[in-house]
Amino acid sequence: MIEQQTAMTEGDIIKRCQTGDREAFRAVVEKYQNVLFGTAYLMTGSRTIAEDHVQEAFLAAWKNIGSFRPGYPLKPWLVRILVNKVLSYQRTNANTMISLDDNSAIDPAGDDPAEDIAQRDQLRRVMQSLSTEQRQVVLLRYFAGLSLAETAAALGRRQGTVKSQTSRALEQLRELITNDNQS
Amino acid sequence: MKDEKNNSDNMENKAQKFFQKRAASFKVGKGFWSKLEPRLNEKQSASSAKRKESFWQWLAGPRLIAISSTLGVLVILATAGSLWLTRNNNINHSNTAGIIDRGAIAKGGGETYGGYSTATTVTLTNGMIIPQTTPAVTITQTSAPFFNGDITFAPVTTTNSTDTTGKQVISQASVALEVSDVSTAVNQVETLAQNLGGSVDNMSSSGSQNQQQANLTIRVPANQFLAALNQLQTMGTVESQNINTQDVTQQYIDLQAQLTSAQLEEQSLQAILAKATTVSDEIAIQDQLTQVISQVESLQGQINYMQNQVAMSTITVNLTTPTQNVGQAPSGSLTVEVGNVDNTVTSVKQLVASVNGIINSSSVSFDNGKESASLAIEVYRDNFDQVMTTLGKKGKIDQKTIQESTGTQTTGTQQSNTPPDAMIYLSLIQSTGFWTAAHVTIIIAAAVILVVLIIIVAAAGRAGLLRKKKA
């Protein structure tokens, strides 16, 4: 019931965006900027590049919002745009890829709580232990919260592939995750 | 199995919790919106340029090849088609120019009318040729020799009087008129007679719907004789006209003299009879008197009749609808180069059947690997031009001769009883030319196949590119 209300509200916001309402779009940006940023960051390993990608993704979304059908969930669409941006960037800049173990995740503004930094650090290390494909799949499924089908669509893979990659990744992370949940 | 699934669900939930717990720690830098907002403008204004750019991107590659190849093929086809049409038009044109000579040679017998560029000629039975553009209707073929249109009847006017000069003239005429509708014409003639103070003496009509005929004998006052003839002349085409004037003055005078003498004799016999004394004398005089009286009556009768004949002119009017089988049927001969003789023969047969024509003879022969056919076709005169034109379109015309109909009426229609009698001698020879319909068809088919192939290749190429892109 609550979900439906949220969806309706989101639908209304999208309709307003489609009429060129920037305040409505601002609401969209503020709602999804962090999840997109996290996804981009964990994919690229660079805070600056991740922010650029998020910005580009939102610009593309703003440009194409007219073709979006209100009533459909917005997040998978945005994530898909972002993933396309990141992947296309990574394809053309394969050599300049930044490793995940740099410290660029720290907000230059500086008022990051120490706990946040620790959390991010941990996740970064977890991701590092996975292959690129597995990382992408896990990121979209559990970090961005996309369904199996949405993940498959965003990555341009078959659902079966995504499923097997997910289970293999989870197998790898089993110990870590179990320990964490117990703690 | 169930345990496995529960296990995996459990693991999924744990993973979800694990990641969501840490997701909150990822925050985009402050002032993200303020950095993004100005770019929304730039994005919108640049969108049209982007769209143009994306159009060219869309067009580039296989699409461009496909579109340009298609356009190229279309241009080739259009050029080939126009060349073909131009060539065909030229053929028709040159043949039109050549017809008149062949026409004159083919069934000549008359002099060729010079100075006309028109293709067809009309030959009259008397051998005179006039161009088709001249309305042939104005010239009648078997008109009475003395009658040539605006006749003045000079001799009749001077003799057509009984009172002024004392001359007794009986005027009679017979007129054969061709009219479109006999019954209407009969009514017109009746009205004419009544209007001129005359009457219809006799009327008979006969004939079917297509060929009606009526004979009328009208009497009009002698002084209206010419007027009657002139008016009759306007009712239709004068086929023949015969005017007969008989001067009966001498006979009339003779009859009058005989009558006077007989009357005098009658009077004297009456006087003698009155003076007769004996019965035998009386009987003898009576006998003679009876003879004389009978003679007087007879003479009076003849005089009355003659006076009547002089006073009222007799005109016999013969009305007919345009006659059948007047003139000669049109005929033509045609040699056409075609791509496929057999197919053309079949289509010609269909064409002839569609206009209820007859194919008199049809023969197909092979000579040096080339097929040829000759057909003798008979069609209704009405369909002659149409059939000739259609046959001419079957291919390249090598030779064409037309002998036009000499008939002035629209005879030989399918409705009339006349059989189709317009002859067409058709020769079909296998074409040696390049641009036959078959060739054009093959070229079009090849072009279509080429376009389809290009599209398939382009689509395949694009699909390959996409796959590569994804990979």
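Two residues are in contact if their C-beta atoms, placed from the backbone, lie within 7 Å. This is a predicted model, in which local features need pLDDT of at least 70, side-chain atom pairs count only at pLDDT 80 or more, and totals for chains, interfaces and linings use all residues. Residues are numbered from 1 along each chain as its sequence is written, while chains are lettered from A and ligands numbered from 1 in the order in which they are written. The predictor gives the complex an ipTM of 0.81 and a pTM of 0.37.

**Confidence in chain B**

- Where pLDDT is low, the predicted coordinates should not be read in detail.

**Make-up of the chains**

- Chain A has eight helices and zero strands, where helices (H or I, at least four residues) and strands (E, at least two) are DSSP runs numbered from the N terminus.
- Chain B has eleven helices and twelve strands.
- Buried residues make up 39% of the 183 residues in chain A; a residue is buried if 20 or more other C-beta atoms lie within 10 Å of its own, exposed if 12 or fewer, and partly exposed in between, with C-beta atoms placed from the backbone.
- In chain B, 23% of the 471 residues count as buried.
- Of the contacts between residues at least 6 apart in sequence, those joining residues at least 24 apart come to 63% in chain A and 75% in chain B.

**Interface**

- Contacts between the chains involve 26 residues of chain B and 35 residues of chain A.
- On the side of chain B that touches chain A, helix 1 (2–23) and helix 2 (32–59) of chain B each supply at least two residues.
- Helix 1 of chain B gives the largest share of that side, ten residues.
- By class, the side of chain B that touches chain A has eleven nonpolar, five polar and ten charged residues; Ala, Val, Leu, Ile, Met, Phe, Trp, Tyr, Cys and Pro count as nonpolar, Asp, Glu, Lys and Arg as charged, and the others, Gly among them, as polar.

**Nonpolar cores**

- A nonpolar core is a set of buried Ala, Val, Leu, Ile, Met, Phe, Trp, Tyr and Cys residues joined through C-beta atoms within 7 Å.
- The largest core has 56 residues, and those touching the most other members are L36(A), A40(A), V54(A), L78(A), V79(A) and L82(A).
- Helix 2 (residues 22–44) of chain A gives the most to this core, with eleven residues.
- L78(A) touches Y32(A), L36(A), A57(A) and A61(A), not counting residues up to four places away in sequence.
- A second, separate core of 29 residues includes L216(B), I218(B), L232(B) and V238(B).

**Helix 6 of chain B and L232(B)**

- Within helix 6 (residues 225–233) of chain B, the residues F225(B), A228(B), L229(B) and L232(B) are buried.
- These residues lie on the same side of helix 6 of chain B because they cover an arc of only 95° around the axis, the arc being that of the directions from the helix axis to the C-beta atoms.
- The buried residues of this helix pack against strand 3 (169–178), helix 5 (182–195), strand 5 (212–221) and strand 7 (312–320) of chain B.
- L232(B) has 23 other C-beta atoms within 10 Å and is therefore buried.
- Not counting residues up to four places away in sequence, L232(B) touches V175(B), L177(B), L192(B) and V317(B).
- The C-alpha atoms of L232(B) and V189(B) are separated by 7.3 Å, although the two residues are 43 residues apart along the chain.
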